[in-house]
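This briefing covers a disulfide, a nonpolar core and a set of paired strands. The sequence and the structure come first, and the points follow by topic.

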Amino acid sequence: MTNGVQIGFSVNEILALASLATGACWLGWKLRSRRLVAVPEKKPLWVSFGAELFVVVALMFTCRVAVADWPKVPSGSMEPTLRVGDYLLVNHLAYGPRLPFTNTAIEFGQPQRGDVVVFRFPLDVSEFYVKRLVGVAGDVVTFKDGAVTVNGAPFDVQVVSEGVGPKVAAEDRGQWLLRETTEGSSRTIKVNPFMMGRLGVAGMAEQCTSARAGAWQCTVPVGQYLMMGDNRDNSADSRVWGFLPHEQVYGKAVRVLFNLHDLSRAWTAL
């Protein structure tokens with residue numbers, strides 16, 4: 001997996017280009033207006049849709065890159081923590097913003113075990129993924145039937161729901177919800193009782209050993225992280241594409257801002 005500079009092209013990069021374009025229009029209009037005796041009543045289109053939008057576009061770009069972002073959750077790989085349609089509040093100041101078009105960062109902090117992390121997908125850095133950080137460099141992560149433990153700690157898993165009853169969400173029916181605690185961090189995970197984490201570790205063969213389907217152990221390499229979805233049997237994560245390089249980390253998801261299909265999820269802490 002490549003650890004060098006990779007080019008990504010997403011909303012932030014589009015805003016960066018828009019900032020440059022409108023900034024050039026703004027500067028051009030400033031220089032031109034100095035030579036005019038009087039400002040014309042009807043401004044050229046490049047002024048109306050360029051120079052006058054510069055401040056707005058630049059502020060949007062600055063906020064998304066340096067302070068916060070609000071991506072939408074497209075899949076159920078992080079259920080039940082995140083639901084399809086959730087808009088997330090992503091804090092860039094938690095780890096430090098990354099410059100657009102590159103993976104260069106101004107680092108303020110380091111990701112920690114249990115964080116819900118937004119990152120550039122290592123196989124296509126124009127895409128952003130959100131997963132749970134399970135292991136940092138040097139950690140020995142043990143996986144068994146959907147649950148994980150770190151550095152030899154005993155498994156601490158409690159059944160929350162067996163996926164039956166009128167109060168169970170439609171997407172959780174027939175699934176087990178388990179309360180998993182590792183290294184003092186707790187979260188609710190979802191496991192298919194007919195699969196129980198049988199997904200292997202194809203992307204991490206050199207650092208992992210597997211006793212059987214659904215039972216393996218991995219040592220996380222330096223400068224990388226082991227990422228997993230809370231929906232353990234329906235998540236394309238490190239078990240499929242390998243460890244996450246540190247330079248692809250984008251920010252920390254801290255809250256659900258809102259979900260148009262379920263307003264009760266607004267401002268839910270992660």
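The link of C208 and C218 is right-handed, with 110° about the S-S bond. The pair ties distant parts of the chain, with C208 in strand β10 (residues 208-212) and C218 in strand β11, 10 residues apart. The model is predicted.

**Disulfide**
- The structure holds one disulfide.
- The S to S distance between C208 and C218 is 1.9 Å.
- C208 and C218 are both buried.

**Surroundings of C218 and the core**
- Beyond its neighbours within four places in sequence, C218 is in contact with D139, V140, V141, V201, M204, Q207, C208, L226 and F243.
- C218 also belongs to the largest nonpolar core, which has 13 residues.
- The residues with the most contacts inside this core are M204, W216, C218, L226 and M228.
- Two or more residues of this core come from each of β5 (140-144), β11 (215-219) and β12 (224-228).

**Strand pairing around β8**
- Strand β7 (residues 157-161) and strand β8 (residues 176-182) run antiparallel and are joined by four bridges.
- In this pairing, Q158 stands opposite R179 in β8.
- Seven bridges pair β8 with strand β9 (residues 185-191), again in the antiparallel sense.
- Across from L178 stands I189 in β9.
- A hairpin is formed by β8 and β9, with two residues between them.
- In the turn of this hairpin, E183 has a positive phi of about 50°.

Conventions:
Residues are numbered from 1 along each chain as its sequence is written. This is a predicted model: local features need pLDDT of at least 70, side-chain atom pairs count only at pLDDT 80 or more; totals for chains, interfaces and linings use all residues. Side-chain values use heavy atoms; hydrogens and water are left out. A nonpolar core is a set of buried Ala, Val, Leu, Ile, Met, Phe, Trp, Tyr and Cys residues joined through side-chain atoms within 4.5 Å. Buried means under 20% relative accessible area, exposed over 50%, partly exposed in between (1.4 Å probe, protein chains only). Contact means heavy atoms within 4.5 Å. A disulfide is a pair of cysteine sulfur atoms within 2.5 Å. Two strands pair if DSSP finds at least two bridges between them.
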